Structures are given as structure tokens and as C-alpha cells.
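Please read them with the structure open.

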Amino acid sequence: MTLENFTFLLAFLGYLGLSANLVLTARGTCSRPVIAMVALVAVAHVYLVWAFRYDWQFAMAVRNGYAGFFIFHSALLAIVAAALAPPAICRPLIALSFLIVSAGASGAVFRYEVVGIYRIPVLLNAGLGLGFLAYNQYRKIRPVR
């Protein structure tokens, strides 16, 4: 396994962990150890991307546009904030993180060859997670009979 493969495997594993956190928070639990593990994986992924793909050069980080740069780093910020925030703030941050990561990952698997192998798993995870979010919101607002 190359370092590049490991870097993007970390990204996918972090995405799966974020999805697990999404389910946990919907059940009323904000598991600090689980979101902390996801944050650690996300930080490791971002570190490896900066160190080995961008070579610590800002110009390399924005070579494909500022939107991708913003999505990538706002996801990291939201995940780390969720790991540090109290439960009342942790829950919405996890949902926000999931939405940001889903948008970024769904685009990346079509744009970049190196993560093309994750196309189907990412799309399935995004679809299931978005469906879960929608169902959970519907369940909260539907009238009681």
C-alpha cells in the first residue's frame, strides 16, 4: 500500500466514522471517544495531504480552485469542533460535517482518479446518510397520532 493509498483510505474511514456518529447523535448520544477518533483520523488525513500532495505549498492546495480548498478545510474544522464542543453543539456540528464531507467526497470521487475506487462506497454512504438525516427530521416533525 502506497502512502497515497493510505492517505485516502484514512479519508474514507473517517467518512464512515462520521456516518456512525450521525446515527449515534440521532439516537441522542454524542459519543466523545467516537467523534474524537474521527477527528484524529481527519487530522491525520489532512496532514498527509498537506505534507505529501501539496508539499506545504498554498498554491498547490488551491490549484483546482478555492471552493474545494474551502470545503476540505471547513469539514476538518467542523469535525474537530464537534469533538471539542458540548453535546448540544456537537450534534448539529456532526450533521453539518457529514453534509460538508458528503459534498466534497461525492465530487472528489468523480474528479480525481486516485479516489475513483471509492466512488460507489462514497455514493452509497452519502445516500444512506442523507436518507437517514431526512427520515430523522421527518420523524421529529410529523404530527403525533
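Predicted model: local features only at pLDDT ≥ 70, side-chain atom pairs only at ≥ 80, totals over all residues.

1. The S to S distance is 2.1 Å. Searching the whole structure turns up one disulfide. A disulfide is a covalent bond between the sulfur atoms of two cysteines.

2. Are C30 and C90 buried or exposed? C30 has a relative accessible area of 15% and is therefore buried, the cut-off being under 20%. C90 is buried as well, with a relative accessible area of 0%.

3. Helix α2, length. This helix covers residues 32-53. Its 22 residues, at 1.5 Å a residue, should span 32 Å, and the C-alpha atoms at its ends are 30 Å apart, which agrees. After α2 comes D55, which has a positive phi, near 50°.

4. Helix α2, buried residues. Which residues of α2 are buried? They are I35, V38, A39, V41, A42, H45, V46, L48, V49, W50 and A51. The cover over the buried residues of α2 includes α1 (3-26), α3 (58-61), α4 (66-84) and α5 (87-111). As background, an α-helix has 3.6 residues a turn, so residues three or four places apart point the same way.

5. N21. This residue sits in helix α1. Its relative accessibility is 0%, so N21 counts as buried. Leaving aside residues up to four places away in sequence, N21 touches S31, V34, I35, V38 and I94.

6. Helices α1 and α6. Two packed helices are described by the angle between their axes and the distance between the axes. Here the axes of α1 and α6 (residues 119-141) come within 11 Å and cross at roughly 15°. That angle makes α1 roughly parallel to α6, as angles under 35 degrees count as roughly parallel. The crossing of α1 and α6 is left-handed. On the α1 side, the contact is made by F12, Y15, L16, S19, L22, V23 and A26. On the α6 side, the residues are P121, V122, N125, A126, G129, F132, L133, N136 and R139.

Key
Residues numbered from 1 in each chain as written. Heavy atoms only, no water. Helix = DSSP H or I, 4+ residues; strand = E, 2+ residues; numbered from the N terminus. Expected span 1.5 Å × (residues − 1). Buried < 20%, exposed > 50% of the residue type's maximum accessible area, 1.4 Å probe, protein only. Contact = heavy atoms within 4.5 Å. Disulfide = S-S within 2.5 Å. Axes fitted to C-alpha atoms, helices over the stretch in contact; angles between N-to-C directions. Parallel < 35°, antiparallel > 145°, perpendicular 65-115°, else oblique. Left-handed = near helix turned anticlockwise from the far one by under 90°.
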